Amino acid sequence: MIKSMTGYGLATNDFARAKYIVEIKSLNSKFLEISIKIPKAFSDKEFLLRNECSKQIERGKVNISISVEYAETTLRTSTINKTLLKHYYDQLKTSAEDLGDTGSNLLQMALNFPEVVQYSADDITDDEWKTLYKTFEEALSDFQNFRQDEGTVLKQDLVLRINNILDGMKQVSEQEPNRIPAIRERLDNFLKDAVGKENVDYNRFEQELIYFIDKLDITEEKIRLKSHCDYFIKALKDKDANGKKLGFISQEIGREINTMGSKANDAKMQQIVVGMKEELEKIKEQLLNVL
């Protein structure tokens, strides 16, 4: 089973006339990068939430936004940082004048900047924390389901691409017998033009031809390519996250396809190999988003 590194989860819960909202987003990344925006009143819980994310999310660039919206009748005591408000307001006003914008509500915009409105550091009750953590767990579950659904779509596309590569290999095998007579005829005509038919030693010519054709044999490459493709499909079915493993296998697939192309010595076969390379590039692009 594979999962996408792209994910989205959202959960909300109401408690004591307040609304708790948790939103989780992620993009692809080689490592796990977690950014958490959490109300100051819950800041001592950030480490716990971060650890839980590290256990479950594994990899990706993750942004977690946690907010609490209080009803008017239960809104906590708040103060306005006038110095910070003036700083933001002056900057917005200067920018608006430079742009010729006179219709913006600059004061409202300045009030929405971080730390301008500061709420009193009332103690958080156990019930409030439990509600917030429950919301976090629900958002994380929604996030994981999203990743799994996206992974299913990715898996279907990857299987299709691998099958296209295997189909290309079959076409190469079908075309392969036609190239030997073509190579023989091409070399024979070259010798006749170069030294004359009466001066060609055909016994030596046959010996050199056998040696030359042996160097162009792609039987081993086809066997290894089939093995790598089968292993790729098998890895797709593993229970563990395996995006990196699939990336390594795709590199081996690429080596065999490139070798087949360099040995082809046939225009039709090389065209088929180019198509196989295109499918492999699409696989590599998809693997960038596989967990």
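Predicted model: local features only at pLDDT ≥ 70, side-chain atom pairs only at ≥ 80, totals over all residues.
Strand β1, residues 7-15, and strand β2, residues 18-27, are paired in the antiparallel sense, with nine bridges between them. Within this pairing, N13 has Y20 of β2 as its bridge partner. Two residues separate the strands of the β1 and β2 hairpin, and A16 adopts a positive phi near 50° there. Strand β2 also pairs with strand β4, residues 60-70; the sense is again antiparallel, over 10 bridges.

Two aromatic pairs are found when the whole structure is searched. In one of them, the ring centres of W129 and Y133 are 5.5 Å apart and the planes stand at 45°, so the pair is classed as tilted. W129 and Y133 lie in helix α4, residues 126-195, and are separated by about one helical turn because they are four residues apart. Both W129 and Y133 are buried. Y133 also forms a tilted pair with F136, at 5.9 Å centre to centre and with 35° between the planes. Y133 and F136 are three residues apart in helix α4, about one turn of the helix. F136 has a relative accessible area of 1% and is therefore buried, the cut-off being under 20%. Through these ring pairs, W129, Y133 and F136 are linked into a cluster.

A charged residue also contacts this region in the sense of ring geometry: K45 lies over the face of W129, at 4.9 Å from the ring centre.

How values were computed
Residues numbered from 1 in each chain as written. Heavy atoms only, no water. Pairing = 2+ DSSP bridges. Phe/Tyr/Trp six-rings, centres within 6.5 Å; stacked < 30°, edge-to-face > 60°. Buried < 20%, exposed > 50% of the residue type's maximum accessible area, 1.4 Å probe, protein only. Lys NZ or Arg CZ within 6 Å of the ring centre and 35° of its normal.
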